[in-house]
Amino acid sequence: MVVGLNFHKVIKYFLSIFFFFLFSSKSFSENFTFKKLADLNDPWGSSFISDEELIITEKTGKIKIVNIISREVYEVEHNLNYFVHGQGGLLDIIYQDNYLWISYSENRGDWKTSTSIAKAKLNKKNLDFENIFQAEPPIESGYHFGSRLAIKDNYLFASAGERGGGMIAQDPTNHPGSIIRIHLDGSIPKDNPKFEGKSNWLPEIYQIGVRNPQGLTYSSFDGKIYASNHGAKGGDWFGEIKKGENYGWKILGWGGTNYSGSKIGPKWKPGFTKAIQYWVPSIAASAITIYKGKEFNEWNGEALITSLKDKSMRKLNFQNLSNIEETIIFKDKIGRIRDIQVHPVNGKIYFLAGNSLWLMEKTNN
């Protein structure tokens with residue numbers, strides 16, 4: 001009798017698990033499907049260079065081109081003086097008008113590195129990069145390089161992490177912990193904060209007080225630049241980049257604490273930029289985009305936030321700041337999501353997740 005009772009309990013348990021997964025994933029499987037297109041090695045940043053090709057950085061030092069139709073992968077030689085250390089290596093890459101810009105941890109000697117930006121004309125065999133920005137000072141640390149890139153008109157925006165330096169993000173005479181704005185050729189805009197009342201700021205700095213911003217994107221819907229940022233233990237956020245303002249790190253903790261558990265500071269207080277959305281506990285916010293496309297046209301104008309920690313993509317409707325709507329589209333399906341790109345023609349979504357390139361599209365297309 002005991003054996004029979006236990007047997008029925010076991011059957012009941014497994015049936016409950018089966019039906020849980022069956023019905024909990026049903027709506028997902030009816031709406032989206034994933035396809036793995038290529039295997040990669042620690043991919044970090046990506047950008048479309050044509051309707052059929054993505055150029056991709058691997059943090060470990062390689063640049064590759066993936067044909068999303070044939071699924072062929074090509075390696076591109078380059079001349080970057082990079083240094084793979086901790087979170088550093090090759091980071092983001094962005095393409096426009098036959099040119100590429102890349103952010104990376106540059107080897108500055110004696111184990112010191114900086115978040116640097118280089119530019120090259122597109123060449124599918126060999127890229128001859130030239131630096132147009134170096135974060136000063138170089139620091140001996142493998143932490144918090146950032147770094148994402150976004151283009152608006154003739155401006156290149158870049159996020160430079162605070163390299164684990166905490167209050168260095170409050171010092172505008174140093175680049176770490178800030179948002180950079182330069183022209184596409186590396187020259188400095190004459191309307192940056194330094195030239196409009198903040199004379200002690202370095203000329204490239206547009207905003208200060210960030211920690212480790214690994215998401216940056218331009219929205220064609222409102223002409224604004226948006227960022228996502230890692231907090232410490234909690235306190236991730238998504239928000240607008242605002243000229244001459246301060247997001248508050250490490251005066252503010254954005255709802256998080258130090259990893260030791262000690263308090264950092266309040267979530268927000270007057271005088272600092274207020275984020276649009278906070279996540280406590282942390283989701284390890286990564287790359288972001290403001291969706292624009294045909295495939296998921298009902299999402300147009302909404303933010304897509306990717307995550308490393310819970311391996312999720314979240315949709316954020318933030319047009320009404322007093323009533324922000326957040327929806328978890330999926331979680332734990334393709335691994336830790338490092339980057340997200342929307343196809344410029346059909347609107348399908350491509351992810352760098354785990355060690356792979358993935359395609360997300362609607363089912364029954």
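**Figure legends: overall fold and close-up views**

**Overall view of the predicted protein.** With 365 residues, the protein has a radius of gyration of 21 Å (taken over C-alpha atoms, the globule rule being 2.2 Å times the number of residues to the power 0.38), which agrees with the value near 21 Å for a compact globule. This is a predicted model, in which local features need pLDDT of at least 70 and side-chain atom pairs count only at pLDDT 80 or more, while totals for chains, interfaces and linings use all residues. Residues are numbered from 1 along each chain as its sequence is written, and side-chain values use heavy atoms, with hydrogens and water left out. The secondary structure comes to two helices and 25 strands (DSSP runs numbered from the N terminus, helices being H or I of at least four residues and strands E of at least two). Buried residues make up 55% of the 365 residues, where buried means under 20% relative accessible area, exposed over 50%, and partly exposed in between, with a 1.4 Å probe and protein chains only.

The mean pLDDT of the protein (the predictor's confidence in each residue, from 0 to 100) is 92, and 92% of the residues reach 70 or more. Over residues 1-5, however, the pLDDT is below 50, and this stretch has zero contacts in the model beyond near neighbours in sequence (contact means heavy atoms within 4.5 Å). Over residues 12-30 pLDDT likewise stays under 50, and the model has eight contacts for them beyond four places in sequence. Where pLDDT is low, the predicted coordinates should not be read in detail.

**Close-up of Glu 72 and its surroundings.** Glu 72 lies in the loop between strand S4 (63-67) and strand S5 (73-78), and its relative accessibility of 42% is why it counts as partly exposed. Leaving aside neighbours within four places in sequence, Glu 72 is in contact with Ile 65, Val 66 and Asn 67. Leu 37 is 35 residues from Glu 72 in sequence, and their C-alpha atoms are 8.9 Å apart in space.

**Close-up of Gly 142 and its surroundings.** Gly 142 is placed in the loop between strand S10 (130-134) and strand S11 (146-152), and with a relative accessible area of 11% this residue is buried. When residues up to four places away in sequence are not counted, Gly 142 touches His 85, Gly 86, Gln 87, Gly 88 and Arg 163. Asp 110, which is 32 residues from Gly 142 in sequence, is 13 Å from Gly 142 in space, C-alpha to C-alpha.
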